[in-house]
Amino acid sequence: MTNDRRQEDFAQRLSRISKERGGGAEPDPAGRDVSDFDYNVPREAHPVRNGIIWVVALAALGAGGFYGWQALPPDLKALISGDGVDDATLPPEEIIATDTMSDEGPVFASPAIAHSGADPLVLSDIVTQVSLPTENTATGDIVPISRNDQCNLRDPAAGEKVMGVRIENALLPAPLHAFSDEQLVDQLLENVTAVTQQGADPIADMTLSGEKTVLDVFVTDTSAPIYLVLQNIGPGIVWNLNAGPGVEIAHVALIGSDFSGVANLPGTATTEALLVSDFLPPHQYGADDIPRDCMIRPWRRPQPEWIGSRKSEAGSLRYQNLMYSYTKGYEAYDRWYTQTLGVNASANTITARDAAHVLLGPKPDAPFDYSPLAGQDIRMAETDHLMTGDFTTRTAAVTQLQQTLLRAAAGGDLTALDPPAMERNSR
C-alpha cells in the first residue's frame, strides 16, 4: 500500500464538478448506525444546552411566563404545545433531528428524567444530595458476573413484577474501561485500515476502545418485588441503581450488545448477564427477520414522533429501510422476551434513544437520597480486560495495550504500515 491519494483527489474533483453543474445531490443523512457492532464508535456529542433544556422548560411552564416560553427551543415548544409543524408535505431532508428527538427516538440529557408520564421531570424531583459520576470517580471492586451461556434467564418468581429499561446510549461518564480480546483485535484491524488506506497516524489517530458510561435507574415501585431487565443496544453501561423507600429489587438481568455492569445492587438481589454476540452475529439489514431461538438484540419499537419515522413517511428510502430494521427487530425481540419472561417487551418498560436518568415507578412524594457511584462495587459481565482508575491512567493503559499488539502485528516497525509512495523510473 502507498500514501498516493490521486484516486481520492480525482473523486473529490468529480463530485465538485457534478455539484457545480447541478447534479450529485447530497444523500439524505442518517443519524448514526444502529447495529450492535459499533460499541467502540465515538458517540455523538450533544450541545451544552441539552443539560439545561428541561430546566428551562419547567421555568417557562411555571414562573417564567411569556418570556420564558419565548426562550424555549422551537422543537421543545412544539413538543409541549402540540403545535408541531405539519411535515406531511415536507421533503425528508427538511425534517431535522433536534436536541430532544433524534432519528431513533427521544434523548433525555441530565437533568431530564425519562419516565412513563407525560409531564417533564428533572433530577431534583426525584433525589437529593446528588453527586453524579465523573470519568475519575473512585469506585470499589469490580466483581465479575458469569455470562449466561444458555440464553435462559431466570424465570420471574410468583409475585415478582418485571420492569425494564431499553436504550441505546447512557449519557453520564463512567470511570471504567472493559473490552474483550476480540474487540481489541477488531479495533486493531480498523486502525491498520485507517493507516494504510486513509493516511492516519498509527499512534496519534489510534481509537480507544471499551470506555463505559453510566445511567441512573431510580426505582420507586413498591407494589411487588422487582425483576429488573436492563437492556441496551449500544456501548456498555454501568447501571447505577437507586431504590426508593420500600422498594425491593429481587433480580437484575443485563441484556446488551457490549459488556455492562450494575452498581448499588441491594445485598439480596441476584444478577445475570446475556451478551448479544454470544448468540447472534452482527446485525445486517433483514438479518433479524428470520425466527431465532435466542433473538436477544434489544431493539426498540419505532414511534410516530421519531424523526426517522417522519422521514420514512415523507418518502426517504434510507429511513424506510432503517425503520423496517427497527420494526422487524423489535417484533423478533418481543417474541423472545414474551416467551422467556411471560410479559411483552413493552410492559413496565421505559425506552429512549439516549438518557442519563430513568424513573421506574411513580414520582415520589418527597425526593430521597441519591445513591452515588463513588466507592461502590460494580458487578460487571466478565470479559478479558477491565480497567478502573482515573481517566488518564486508564486510557494510557489501553493505548499501550493497543500499541503493543499493533507493533507485534507490524513486525515491530510501524512505518511498515505506511511506506513511502513507490516511484517508477521510466528510463
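Predicted model: local features only at pLDDT ≥ 70, side-chain atom pairs only at ≥ 80, totals over all residues.
Are D288 and R297 buried or exposed? D288 is buried, and R297 is buried as well.

**Salt bridges**

Side chains of opposite charge can pair when their charged atoms come close. In this structure the count of salt bridges comes to nine. D288 and R297, the residues from the opening, form one of them, with 3.0 Å from N to O. The table sets this salt bridge beside two others.

| Salt bridge | N to O distance |
|---|---|
| E104 and R353 | 3.0 Å |
| D221 and K161 | 2.7 Å |
| D288 and R297 | 3.0 Å |

Take E104 and R353, whose side chains meet in a salt bridge.

Next come D221 and K161, with 2.7 Å from N to O in their salt bridge. Where does each of them sit? D221 is in the loop between β8 (211–219) and β9 (226–232), and K161 is in strand β5. They are 60 residues apart, and the pair links distant parts of the chain. The two partners can also be compared by accessibility. D221 has a relative accessible area of 9% and is buried, whereas K161, at 23% relative accessibility, counts as partly exposed. The cut-off for buried is under 20% relative accessible area, and that is why the two residues get separate labels.

**The disulfide**

How many disulfides are there? The count comes to one. C151 and C294 form this link, and their sulfur atoms are 1.9 Å apart. The angle about the S-S bond is 85°, and the link of C151 and C294 is right-handed. C151 counts as buried at 12% relative accessibility. C294 is buried as well, with a relative accessible area of 12%.

**Aromatic rings**

A pair of aromatic rings is described by the distance of the centres and the angle of the planes. A search of the whole structure finds six aromatic pairs. One of them is formed by W306 and Y326: the arrangement is edge-to-face, with 5.2 Å centre to centre and 85° between the planes. W306 is in the loop between β13 (270–275) and α7 (307–313), and Y326 is in helix α8 (residues 317–341). The two residues are 20 residues apart, and their pair links distant parts of the chain. Both W306 and Y326 are buried. Ring pairs also bring in W299, linking W299, W306 and Y326 into a cluster.

One more ring is worth a visit. What sits over the ring of Y337? The charged end of R166 does, 5.9 Å from the centre of that ring.

Note on methods: Residues numbered from 1 in each chain as written. Heavy atoms only, no water. Phe/Tyr/Trp six-rings, centres within 6.5 Å; stacked < 30°, edge-to-face > 60°. Helix = DSSP H or I, 4+ residues; strand = E, 2+ residues; numbered from the N terminus. Buried < 20%, exposed > 50% of the residue type's maximum accessible area, 1.4 Å probe, protein only. Lys NZ or Arg CZ within 6 Å of the ring centre and 35° of its normal. Disulfide = S-S within 2.5 Å. Salt bridge = Lys/Arg side-chain N within 4 Å of Asp/Glu carboxyl O.
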